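Please find my notes on the model below, as numbered points.

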Amino acid sequence: MEKVQSKTLTEQALNQLEQLLESGEWPIGEKIPPEPVLMDTLGISRNTLREAIRSLVHAGYLETRQGIGTTVKSHSGLDRALRKRMRAGDLVEVLELRLALEWEAAEKAALRRTDEQLGEMRGLLALWKKSAEEGKTSSFVRHDSAFHQAVIRASGNSMFMEMYDSIIDSVHQSIYNLIDLNDLNQEDIRMHTELLSAIEEQDPVKASECVKKYLGTLIDQVNASEHNRKK
């Protein structure tokens, strides 16, 4: 591992840490080295290191848990490749990928969800609505993506979870972009509420259709907006 250069420190630190993770040098489930060790090894500040680590947590490489610290979650190079591809992707491509993943995951979640997972989804949806009502954009985005992640987890499919974690940064960005295109309205609330109800009722057809309608509507809106912009 080499000390990073002065420009784009976070990106370079991120690349160095990704290489270490993909090499398997840090075992899955084990804590990463302490901050002072990583700061000295990479030659970066604490803020730069923490920013890089946050990116790796969002990408699914690392996991931070209260009372435990930051541990290794995945060594997969798929995360890195997908994340780099998604950085260059447009909003419609992100939404289409979300549709493919979330449609199937919602169906499985309706069949496999536990009462505990259902409670988590209810809580996240309530926080999502509260953030929207209070106009707290950052909190809104965080709880929106967390709700959809909870649906993915409830599917019980580890591959769905790994794939979704790998694009979570792009999911966040797509939500930020969509706030400008489509302010939260009663239709958004209704569709999210219907999805939760379908999962609660263990109705896989209704759950998958809710996702298809919700994301399909967003895709149509983005396409229409782009069409009008080019006129």
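1. The largest pocket is lined by 29 residues, and those nearest its centre are Val57, Gln149, Arg153, Asp165 and Ile168. A pocket here is an open set of points on a 1 Å grid over the protein atoms alone, where a 1.4 Å probe fits, with protein on both sides within 12 Å along at least five of seven lines; lining residues have an atom within 4 Å of a point. The model is predicted: local features need pLDDT of at least 70 and side-chain atom pairs count only at pLDDT 80 or more, while totals for chains, interfaces and linings use all residues. Residues are numbered from 1 along each chain as its sequence is written, and side-chain values use heavy atoms, with hydrogens and water left out.

2. The volume of the largest pocket is about 730 Å³, taken as the space filled by probe spheres set on the points, which are joined across faces, edges and corners. Two or more lining residues come from each of helix 3 (46-59), strand 1 (62-65), helix 6 (115-134), helix 7 (137-154), helix 8 (158-166) and helix 9 (168-181). Helices (H or I, at least four residues) and strands (E, at least two) are DSSP runs, numbered from the N terminus. Helix 7 has the largest share of the lining, nine residues.

3. How do the lining residues of the largest pocket divide into nonpolar, polar and charged? There are 10 nonpolar, 10 polar and nine charged. Ala, Val, Leu, Ile, Met, Phe, Trp, Tyr, Cys and Pro count as nonpolar, Asp, Glu, Lys and Arg as charged, and the others, Gly among them, as polar.

4. The largest nonpolar core has 43 residues, and Leu95, Met121, Phe147, Leu195 and Ile199 have the most contacts inside it. Such a core is a set of buried Ala, Val, Leu, Ile, Met, Phe, Trp, Tyr and Cys residues joined through side-chain atoms within 4.5 Å; buried means under 20% relative accessible area, exposed over 50%, partly exposed in between (1.4 Å probe, protein chains only). Helix 5 (91-112) gives the most to this core, nine residues. A second, separate core of 18 residues includes Leu17, Met39, Ile44 and Leu62.

5. Histidine 192 lies in helix 10 and is buried, at 2% relative accessible area. Leaving aside residues up to four places away in sequence, histidine 192 touches (heavy atoms within 4.5 Å) Leu125, Trp128, Asp144, Phe147, His148 and Tyr214.

6. Glutamine 202 sits in the loop between helix 10 (186-200) and helix 11 (204-230). Its phi is near 55 degrees, a positive value in a residue other than glycine. Most residues other than glycine have a negative phi. Glutamine 202 is partly exposed, with a relative accessible area of 42%.
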